[in-house]
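Keep the model open as you read.

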Amino acid sequence: MNRTVRPKVGLLALTLELYETLLPDLRASRESWLRKSIVPALQREADVLFEHAVFRREDIEAAVAGFEAAKVDALLVILTTYSPSQLALPALLRTRLPIIIWNTQELLAVDQGFTLQNMVDNHGVHGTQDLANVLTRSGVPFHYVTSPDNDASGLEELGDLFTAAAAVNRLRSARIGMIGYPFPGIGDFAVDTTRMAATLGCSWINLTVEDYNNRCASAPASEVGRLVAKYRRAYDLAADLTKTDLNSTAAAELALRGMVADHRLSALTYQFLAFGDDDRTRTLPFVAASRMMADGIGFGGEGDLIAAAATAFFNWLKTPASFSEIFTTDFVGESLFMSHMGEANVAMARRDRKVALVARPAPITRTRDRQLALVTSFEPGPATFAALTQIAGGKWRIIAAPATIEDCGPLPGFCVPHFKLKPAGGVRQFLTAYATAGGPHHNAVCFGDARRRLRFAAGLIGADYCEI
């Protein structure tokens with residue numbers, strides 16, 4: 001699950017019925033170009049569905065209906081020749097698929113060798129303008145990309161659009177589990193779950209600490225043993241860890257994974273205080289949450305449904321992504337100290353050492369056994385900071401910023417995940433702009449530059465996009 005979603009795209013190729021009699025070989029020639037050049041180029045970015053070019057209204061509608069039935073993530077429209085916009089408009093008005101118009105052609109240059117045949121084979125551009133005009137007049141959103149047929153930058157932009165569409169499609173069917181209840185008094189992740197379902201498509205289910213504890217108690221000893229053996233191979237275990245510590249931690253992970261599997265969850269959030277309400281709780285699932293994020297399960301702390309959905313969503317957009325939180329400002333180093341009580345995507349750990357597995361020196365809530373955590377510090381390099389939140393009127397907003405993960409950590413004596421993040425524009429400007437934009441205290445970080453994908457995704461879910 002720890003990978004960006006592989007998109008599925010329907011290729012709607014349009015041509016002109018007049019050419020069926022005027023230039024009877026043209027459609028076959030343009031279809032050959034699509035199959036020889038366009039489809040293979042696009043297959044690097046997505047699975048592409050294409051049968052043949054269409055030129056009648058009923059055939060266009062049938063093609064779009066077929067793509068919808070095939071559950072594609074996006075509709076890619078290419079004008080292989082001129083095609084009157086009103087033929088395609090009815091189908092494009094009705095579809096819920098994201099529409100991408102690719103203004104492309106086979107010919108790269110018009111020079112002294114340019115022929116009438118070259119012009120006939122490469123004259124879709126004014127058809128795209130006709131179509132874009134009527135979609136704009138009709139209030140139909142679309143994306144428009146201009147590039148030659150095998151241009152790397154154009155294909156990269158299309159790939160980002162396809163990935164954003166696939167992630168949004170997956171978000172619309174996402175299920176989020178909450179163990180316990182939201183942390184009392186925290187307002188920035190308060191959410192109207194009906195509106196969340198109506199706008200993002202996410203549904204949620206309330207899970208119980210009792211179920212968690214029952215699953216911990218019934219975890220098979222053989223599976224617990226195998227998981228403890230994995231811990232020993234993968235991590236640098238603190239010398240004071242006992243068999244009880246490791247067995248309780250493994251049982252907690254098996255319990256959490258079972259809950260996610262049984263309830264078909266895409267993301268999870270829990271309130272750590274809720275675990276302490278049941279005196280049977282052996283330990284907290286900090287290690288489980290960190291390892292499950294590495295498997296692509298979204299996570300949000302303290303009962304934050306929004307952060308849980310956002311971490312899953314951002315991971316589908318740009319794998320890997322981790323839940324995080326700004327804890328301290330380093331004014332001298334122009335950076336942010338990022339941490340949380342025990343959860344971070346361990347797949348993002350720096351590669352030059354094993355991640356330490358340690359016990360917290362003091363429990364954060366009542367449990368029978370000690371509470372273990374992976375002291376994950378992230379691999380240095382370019383990164384993107386992002387957050388999903390609501391602003392006035394219940395509108396969603398995605399906030400994004402370029403940043404760098406610094407070469408920092410693990411620091412001596414720390415029993416929690418931590419890393420330093422350096423915003424591109426300076427820490428003072430960043431924090432002021434983030435607060436002014438309504439940034440919540442829970443956020444996410446991913447490797448590389450995800451801003452264009454985040455911007456495209458914001459458009460697809462009707463969210464405001466704010467880059468700081």
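Arg350 is buried, with a relative accessible area of 8%; buried means under 20% relative accessible area, exposed means over 50%, and partly exposed is in between, using a 1.4 Å probe and protein chains only. Its side chain meets that of Asp407 in a salt bridge, 2.8 Å from N to O. A salt bridge here is a side-chain nitrogen of Lys or Arg within 4 Å of a carboxyl oxygen of Asp or Glu. The helices (H or I, at least four residues) and strands (E, at least two) are DSSP runs, numbered from the N terminus.

Before going on, a word on the ground rules. This is a predicted model, so to speak of local features takes pLDDT of at least 70, and side-chain atom pairs count only at pLDDT 80 or more, while totals for chains, interfaces and linings use all residues. Residues are numbered from 1 along each chain as its sequence is written, and side-chain values use heavy atoms, with hydrogens and water left out.

How many salt bridges does a search of the whole structure find? It finds 29. One of them joins Glu106 to Arg30, with the closest N and O atoms 3.0 Å apart. That pair also links distant parts of the chain, 76 residues apart, with Glu106 in the loop between β4 (99–103) and α5 (116–121) and Arg30 in helix α2 (residues 26–43). Arg30 is buried at 3% relative accessible area, while Glu106 is partly exposed at 40%.

Glu253, Arg257, Arg291 and Asp295, meanwhile, are linked in a network of salt bridges.

Now back to β13. Three strands form an open sheet of mixed pairing, in the order β8-β13-β14, where strands pair if DSSP finds at least two bridges between them. The edge strands, β8 (236–237) and β14 (372–375), each pair on one side only. β8 and β13 (residues 356–359) run parallel over two bridges, and Asp236 has Ala356 as its bridge partner in β13.
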